Amino acid sequence: MSHSNHRYHITTFGCQMNKADSERMAGILETMGFQWTDEADHADLILYNTCTIRDNAEHKVYSYLGRQAKRKQGDPALTLVVTGCVAQQEGDNLLRRVPELDLIMGPQHVNQLQDLLEQVFAGNQVVATEPIQIVEDITKPRRDSRVTAWVNVIYGCNERCTYCIVPNVRGVEQSRSPEAIRAEMEDLGRQGFKEVTLLGQNIDAYGRDLPGVTHEGRHQNTFTDLLYFVHDVPGIERIRFATSHPRYFTDRLIRACAELPKVCEHFHIPFQSGDNDVLKAMGRGYSQERYRRIIESIRSLMPDASISADAIVGFPGETEQQFMHTLNLVDDIGFDLLNTAAYSPRPGTPAAGWLNQVSDMEKTDRLQRLNHLVSSKAEMRSQRYLNRMEEVLVEDVNPKDPTQVMGRTRGNRLTFFTGDINQLMGKIVPIRITTVRPFSLSGEWEPTPG
Ligand code: SAH
Ligand code: SF4
Ligand code: F3S
């Protein structure tokens, strides 16, 4: 069947994994002939790529879905698809809640979208949530940016953090081969992309499930080995990666980042809590002292590295004293960016069933206090950029001011300056920073003489 006059829309919730998956699914839909529309209400096929990390993320999905389910009652030709983590978590239950759905598909099935849709167009309601071996996608993703791109290196997570639903919905760790990753990056380089972010829920686990090549007593398929293997891909000028886990983070990785010029001095290493007993109850497998040592090692080799993280407040049993330990850690380290969240009990996770839950009022109060500290620290951290020269990779126009372009520093700070996007897109330019804000910068382009 040809879909050349059919339009599709994707709304993506959640993390970078979902964004990367949505780009691959958009690529598949376009290969099938579908054309993108910004307007869900005008689409013939709507796909919600969902997140269930916290309760409110899940609720958002149901309100979007309800609206389109109603539309479908008047327009039965509309195809409704739910993918991502809510799809995996709820499976058949979603059909009971929203019988109008045509396809419910877990994250491991993303690359099979075309086959599954063929079944839908043959008249079936399809649920695809059984665990599978992920196959390489042979179509080209439709990427949101022409400058920066995500590249998955490992899917799934084998950790069992007691608050977290990700292992339930993303399945066990599956690493892509170094050759497949390099080939994707080479292709991106040929297409003119300049920056790649390598993605994994726990990127330090990369390679553990690959056939081991042991050389000089060391497993040769680690994430650090992967960085050495891909860092010279032609055209790609910057490499980033996320997410790092303090339990597995190695000094060898820090040295590689310091040594390899394309790898940016930016580390996203969630600590979750600054209290050792809370960390133990979370099942994180490190102490706050170990976390501090990692940051010290990074800063000893790369004094200006930017550090970001995630933290949770109000984990079951967290006392005021324990929460203070989180504040102390944030105060001492000085993060460039910290994603904070109040603990949200998730179905099927151990901590959700514990009796020592913290009250919502307490959680909200702690979240506010933490956020307050975070922005004042980030503002202080930003000061170091004032009057400095920074290399900015230009990604797009400033949506709020078309006379300006925006891009990022190596440390991942969003930076704005006056310039023409047609001339500057994808270029790395030297910028004199003239204004600093907690999470962004503005500056002036100083072309190098000659
Ligand atoms: N793999 C990453 C994080 C994945 S989830 C890691 O190990 O750090 C992204 C963030 O969501 C987590 O770092 C955590 O801070 C937050 N999060 C996960 N489960 C949560 C829950 N039940 N309640 C509140 N925040 C949660
Ligand atoms: Fe969740 Fe922990 Fe895995 Fe991160 S490492 S995805 S927090 S279980
Ligand atoms: Fe959400 Fe799934 Fe990512 S639960 S945070 S979209 S892995």
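Why is E15 largely enclosed by the rest of the structure? I began my notebook with this strand, keeping in mind that I am looking at a predicted model. I looked up its residues one after another and noted that seven of the eight are buried, so E15 is largely enclosed by the rest of the structure.

Next I looked up the strands that pair with E15. Strand E14, which covers residues 266-268, runs parallel to E15 and is joined to it over three bridges, and I noted Ser 308 of E15 as the bridge partner of His 268. E16 also pairs with E15 in the parallel sense, here over six bridges, and in this pairing Asp 310 stands opposite Asn 339 of E16. I then followed the chain from E15 through helix H12 (residues 320-333) to E16, and recorded this β-α-β crossover as right-handed.

My next entry concerns ligand 1. I found that 15 residues surround ligand 1, and that the closest include Asp 310 and Tyr 163. Strand E15 (306-313) and strand E16 (337-342) each supply at least two residues of this shell, whose members I sorted into seven nonpolar, four polar and four charged.

Gln 272 places a polar side-chain atom 2.7 Å from an oxygen atom of the ligand, while for Arg 284 the distance from a polar side-chain atom to a ligand oxygen is 3.3 Å. With Ser 344 the contact is made by a polar backbone atom, which lies 2.8 Å from a nitrogen atom of ligand 1. Taken alone, ligand 1 exposes 540 Å², and I noted that the protein buries 88% of that.

Methods. Residues numbered from 1 in each chain as written. Chains lettered and ligands numbered in written order. Predicted model: local features only at pLDDT ≥ 70, side-chain atom pairs only at ≥ 80, totals over all residues. Heavy atoms only, no water. Near = heavy atom within 4 Å. Polar contact = N/O pair within 3.5 Å; in protein donor to acceptor, adjacent residues only side chain to side chain. Areas by Shrake-Rupley, 256 points an atom, 1.4 Å probe, with all protein chains shown as cover. Helix = DSSP H or I, 4+ residues; strand = E, 2+ residues; numbered from the N terminus. Nonpolar A, V, L, I, M, F, W, Y, C, P; charged D, E, K, R; others polar. Buried < 20%, exposed > 50% of the residue type's maximum accessible area, 1.4 Å probe, protein only. Pairing = 2+ DSSP bridges. Right-handed = clockwise from strand over helix to strand, strands pointing away.
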